[in-house]
Amino acid sequence: MSASSHPSLVWRLLRRNISLPQLTGYTLANLVGLAIVLSALQFYRDVRSIWDAEDSLISRDYLIISKRVKGITIGTHSGEFTEEEIAELEQQPWLRSMGRFNAAGFRVGASLDLWGRGMSTALFLEAIPDSFYDVKPDHWTWSPTAGPDGQYPPVPIIMSKDYLTLYNFGFAASRGYPQISEATIGELPLRLYLSGRGREMRLQGRIVGFSSRLNTFAVPESFLEWANAELADEPSQQPSRLILEVNTPGDPAIQRYFDEHSYESAGDKADTGRAAYFLSLATGAVMSVGVVISVLAFFILLLSIHLLIQKNREKLRSLMMLGYSPGAVARQYYMIVGALNAVVLGGAVAAVLVARSFWSASLGEIGAESASPWITIAVGVVIILVVTGGNMRIIRREISKTFPRPRR
């Protein structure tokens, strides 16, 4: 009967010098470290849904920037971005993509009939690439093809939600005008009066959506390009506003760049974006603490295994004389490490699920949608496999050093 067929004999010889306090210390330390790492990861993924939502308070992946106005400027192009400035912006590491605001180069007026009470105002129109809108209304297209009656199709318009709120609770309330819901305003007849280059045009308009991201009256790029070609007094100019999709709006590097170039972002988007940036830093700090604890636990186990092998040095030599190979002996330590790491993984996953049950209700009240824990569990499995593989490799190396090499 071969020596390798009696693994229980090897185990009975080696287990006497196993230090339970050391192995328990490793298990607890590694359990705490892995639980912290996985809990921080799951919490980050759960909270991430808040700022991934378009209407979220801290959803600030987009910044609208312009140049700071100094003093009073009239009839100049000082507020426009040059091609060199745009090219420099495109090279910044925190920028994902950039869109230009194309403004109307002609005069725009609008009138609306509110159940017998007419209202008219001067208006401004702008357009940006479709990928930067936070709403995707139907019929967001326009073609300069006149119908049989000679009329062009209605111009679809996306309006800022802030403008409707300002009208309902500011202008309408003080003037006795009726308040209008989002659904209703899209059904009201809107007339546009365009003039420029000695020509006048009348078109129908229609509010088709409301934006929380854009503080403007937006129209399709196809319409604005056509209208500028027909009515603009001057050729197309450089943009005075840009919309930026950034990695993290609260990144201090963005604000430093804006200050150095005298740029400013619209509203409080950069300020509220710091909430997401701070959360990312806090999550990273917590995960780092967990990683440090896990690394320390890893070395605790290595020290325990090293001391255990040193105590069993004579027994290991005896096993070699009986015909046992280093691999056969190492398998006994592999089983110890595998069992301990399985306990660590199971305990860490249980800790994450328990912790998640505490914070999920609170996050749900502010609109967060809990992310699936399977990705977090998969990350935990990968970490444990890597740790276990590292443990086994070092164990095999230590035992191979103990077994003397055969002479050639």
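Q: Which residues make the nonpolar surface patch of about 260 Å²?
A: V291, V295 and F299 make this patch. Patch residues have over 30% relative accessible area and no salt bridge; like charges are joined within 9 Å, nonpolar side chains (Val, Leu, Ile, Met, Phe, Trp, Tyr) within 5 Å. A salt bridge is a side-chain nitrogen of Lys or Arg within 4 Å of a carboxyl oxygen of Asp or Glu. Areas come from the Shrake-Rupley method with a 1.4 Å probe, and for residues only the protein chains shown count as cover. The model is predicted: local features need pLDDT of at least 70, side-chain atom pairs count only at pLDDT 80 or more, and totals for chains, interfaces and linings use all residues. Residues are numbered from 1 along each chain as its sequence is written, and side-chain values use heavy atoms, leaving out hydrogens and water.

Q: How many aromatic pairs does a search of the whole structure find?
A: A pair of aromatic rings is described by the distance of the centres and the angle of the planes. Rings of Phe, Tyr and Trp (its six-membered ring) pair if their centres lie within 6.5 Å; planes under 30 degrees apart are stacked, over 60 edge-to-face, the rest tilted. The search finds 14 pairs. W94 and Y257 are edge-to-face, because their centres are 5.6 Å apart and their planes at 70°.

Q: Are W94 and Y257 buried or exposed?
A: Buried means under 20% relative accessible area, exposed over 50%, partly exposed in between (1.4 Å probe, protein chains only). Both W94 and Y257 are buried.
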